Amino acid sequence: MVGLLGVGDHVLRTLEDRLTADVHVRGNRFTLTGSQSDVTFAEQVVRELMTLQASGSQVSDDAVDSTIAMLGAPALDRKEGESPSEVLGFNIVSRRGRVIRPKTLNQKRYVDAIDEHTVVFGIGPAGTGKTYLAMAKAVQALQAKQVSRIILTRPAVEAGERLGYLPGTLNEKIDPYLRPLYDALHDMLDPDSIPRLMAAGTIEVAPLAYMRGRTLNEAFIILDEAQNTTPEQMKMFLTRLGFGSKMVVTGDVTQIDLPGGQLSGLRVVRNILADLDDVAFPLLTSADVVRHRLVGAIVEAYERWGDEHDDPAADHQDRGRFAGGRTRSDRGGG
């Protein structure tokens with residue numbers, strides 16, 4: 001019960017706060033009171049948390065919120081193997097007792113899409129785990145010897161700043177753009193091993209421009225911040241795909257920093273590749289934000305503001321397509 005309710009009953013207090021039914025615990029017995037529907041829902045939540053704990057996973061406040069969110073979604077949206085306990089207990093990679101796993105249903109579908117497809121486009125707002133989960137899958141594939149190297153890249157496009165004003169050599173100027181990828185690597189691998197792996201070419205972190213003219217075989221390739229690629233750059237990147245490789249492209253179409261109003265390659269790629277069988281477009285939303293709770297609220301607030309101020313002839317079409325459009329790839333594995 002301590003593992004289920006948390007030290008000092010902090011998980012129990014979260015349950016009491018989130019559930020409509022009244023929750024009382026005495027000894028090893030839960031008592032739920034309220035309307036029939038409220039009690040039934042609360043019982044489902046508690047049983048899922050018990051199953052999660054029995055699988056060896058830690059029950060936390062975030063696990064309570066994720067379980068309630070998943071059970072609150074329409075049942076038709078969930079498939080076999082998508083119960084909250086199965087989603088939250090799905091381990092991708094672990095290091096020194098820290099386990100990386102999906103925390104929402106859409107994140108689990110994103111991870112499944114990476115397993116089932118050669119090219120995956122993870123599209124969603126900041127904080128939804130697009131890059132982090134892709135990095136975890138890359139490390140898992142490397143450790144399982146499914147690939148021989150990991151290649152991480154992103155376009156060096158300024159978010160209101162200029163490369164020329166940064167001090168140092170070209171590599172030193174580019175390094176801040178690649179820093180988020182290094183940060184994720186340090187969470188998943190022994191930091192002492194990263195320089196050795198990079199020196200050996202097992203892990204490569206480079207700006208997108210360095211991909212031109214290459215064929216990447218037996219590699220797990222991640223393109224981050226893909227909203228800042230032009231259609232030509234996106235085509236160049238995708239055609240680097242070699243034998244035995246997998247590509248994951250991540251981005252947020254609401255945060256485009258391309259200068260001069262250039263068209264984003266991420267905006268148009270779905271229309272171009274939607275009919276290809278081995279390409280998936282799993283979608284993440286503000287409900288999948290796994291940073292501080294306030295981040296999800298901030299994303300939703302900006303989306304509401306954008307609905308009121310954006311050009312309806314352009315951005316609204318893109319937002320609707322990415323938020324609600326489904327293709328054969330989505331149905332097949334995204």
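A crossing of two helices is called right-handed if the near helix is turned clockwise from the far one by less than a right angle, and left-handed if it is turned anticlockwise. The model examined here is a predicted one.

**Exercise 1.** Describe the packing of helix H6 against helix H7.

*Solution.* Two packed helices are described by the angle between their axes and the distance between the axes. For H6 (residues 105-116) and H7 (residues 130-143), the axes come within 11 Å and cross at roughly 40°. H6 is therefore oblique to H7. The handedness of this crossing is right-handed. On the H6 side, the contact is made by Gln 107, Tyr 110, Val 111, Ile 114 and Asp 115; H7 contributes Lys 130, Leu 133, Ala 134 and Lys 137.

**Exercise 2.** Classify the aromatic pair formed by Phe 121 and Phe 281, and locate both residues.

*Solution.* Planes under 30 degrees apart count as stacked. The ring centres of Phe 121 and Phe 281 are 4.8 Å apart, with 5° between the planes, so the pair is stacked. Phe 121 belongs to strand E5 (residues 119-123), whereas Phe 281 lies in the loop between strand E10 (279-280) and helix H12 (293-309); the pair therefore ties together parts that are 160 residues apart in sequence. Both Phe 121 and Phe 281 are buried.

**Exercise 3.** Is Thr 230 buried or exposed, and which residues does Thr 230 contact beyond its neighbours within four places in sequence?

*Solution.* Thr 230 is located in the loop between strand E8 (219-223) and helix H10 (231-238). Its relative accessibility is 12%, so Thr 230 counts as buried. Beyond those neighbours, Thr 230 is in contact with Leu 258, Gln 262, Leu 263 and Gly 265.

Key. Residues are numbered from 1 along each chain as its sequence is written. This is a predicted model: local features need pLDDT of at least 70, side-chain atom pairs count only at pLDDT 80 or more; totals for chains, interfaces and linings use all residues. Side-chain values use heavy atoms; hydrogens and water are left out. Rings of Phe, Tyr and Trp (its six-membered ring) pair if their centres lie within 6.5 Å; planes under 30 degrees apart count as stacked, over 60 as edge-to-face and the rest as tilted. Helices (H or I, at least four residues) and strands (E, at least two) are DSSP runs, numbered from the N terminus. Buried means under 20% relative accessible area, exposed over 50%, partly exposed in between (1.4 Å probe, protein chains only). Axes are lines fitted to C-alpha atoms, for helices over the stretch in contact, and angles run from 0 to 180 degrees between N-to-C directions. Angles under 35 degrees count as roughly parallel, over 145 as roughly antiparallel, 65 to 115 as roughly perpendicular and the rest as oblique. Contact means heavy atoms within 4.5 Å.
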